[in-house]
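Visitor: Could you walk me through how to read helix packing here, and then the core?

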Amino acid sequence: MAELNLPNAEQLTDSLHKLKNQQDAVTLDASPTSSSDQNQPEKDNEPQVSYPRTPHSRDGYGFRKSGVSTPLNVPESGSNHRRPEELVPDPNGLGWPAKSTVSRLNATPAERLDRERKMASAVRTILECIGEDPDREGLLRTPERYAQAIMWMTKGYEQRLADVINDAVFFEDHDEMVLVKEIDISSLCEHHLVPFTGKIAIAYIPNQLVLGLSKLARIAEAFSRRLQVQERLTKQIAIAVQEAIKPRGVAVVMEATHLCMTMRGVQKPGAITTTSCMLGCFRTHQKTREEFLTLIKGK
Ligand SMILES: [Zn+2]
């Protein structure tokens, strides 16, 4: 439901951004958005939303193309085990890249074609191994199709957070919770390479900077189009929002159904897995956390 409104929100902020560029004066006190019902971000019809953007609103912003980023914590010596939050920045501005993300990103068209051929031949092998005939009509182009599909379903690896957010960071003197919920998410379970799908709610309490509303969904999408486990996906989205606008706190809750559970009959069909990640004031302030949980429960 929130999503239906998101493109409008984006268009709105985009056009406002353009408008902003036309007039040079920055009027910080013109913020009619600071009304009491700001907790519901689905309010695109408000005529006078103002997001004045200061020249420095991206200061401290994490995922820069330049690679200038938040300091990378050095893992404890002797440990190869790095926690996800230690892996945010990388020199290419990618959040948590995989081993060969950079070579995938920089592949020439010929290399891409080669990659797809290699994958297609592997899929052909799978078809043979399950006892199918890869040469029967229905399956003839399945290997190529699958290769293209899996590249698409994992294209989040190639997305730089800076590009996803695309400057939609605005100065706003608003310190109430911003919440977008019911964001549809589809991802791939890294243990079985089958989908898990569900809904996600993302909230933050701004600290002078707000993010274009549609960008929360875009961030979630970028990380979901990778091989994931739900716990990590939830955490990465929260940390990415934290990185982008350094809010007072971020909360992410995801509810998903895993086909590897429901299709294989390991658990009851329809079993829902819930994960959450609370950062900053959502972690330290019980009241804030409760407000968020109440808001996401209300339909
Ligand atoms: Zn699985």
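This is a predicted model: local features need pLDDT of at least 70, side-chain atom pairs count only at pLDDT 80 or more; totals for chains, interfaces and linings use all residues.

Guide: Gladly. Residues are numbered from 1 along each chain as its sequence is written.

Visitor: At what angle do α3 and α4 pack, and how far apart are their axes?

Guide: Helix α3 (residues 109-129) and helix α4 (residues 142-153) pack at about 120°, with axes 8 Å apart. Among the α3 residues meeting α4 are Met119, Val123 and Leu127, while the α4 side includes Tyr146, Ala147 and Ile150; contact puts C-beta atoms, placed from the backbone, within 7 Å.

Visitor: Which residues touch the most other members of the largest nonpolar core?

Guide: In general, nonpolar side chains tend to be buried together in soluble globular proteins. A nonpolar core joins buried Ala, Val, Leu, Ile, Met, Phe, Trp, Tyr and Cys residues through C-beta atoms within 7 Å; buried takes 20 or more other C-beta atoms within 10 Å, exposed 12 or fewer, partly exposed in between. Here the largest core has 50 residues, and Ile202, Ala220, Ile237, Val241 and Val252 touch the most other members. Helix α7 (residues 230-245) gives the largest share, eight residues.

Visitor: Is serine 276 partly exposed or buried?

Guide: Serine 276, in strand β7 (residues 273-280), is partly exposed, with 19 other C-beta atoms within 10 Å. Leaving aside neighbours within four places in sequence, serine 276 contacts Thr234, Val252 and Val253.

Conventions: Helices (H or I, at least four residues) and strands (E, at least two) are DSSP runs, numbered from the N terminus. Axes are lines fitted to C-alpha atoms, for helices over the stretch in contact, and angles run from 0 to 180 degrees between N-to-C directions. Two residues are in contact if their C-beta atoms, placed from the backbone, lie within 7 Å.
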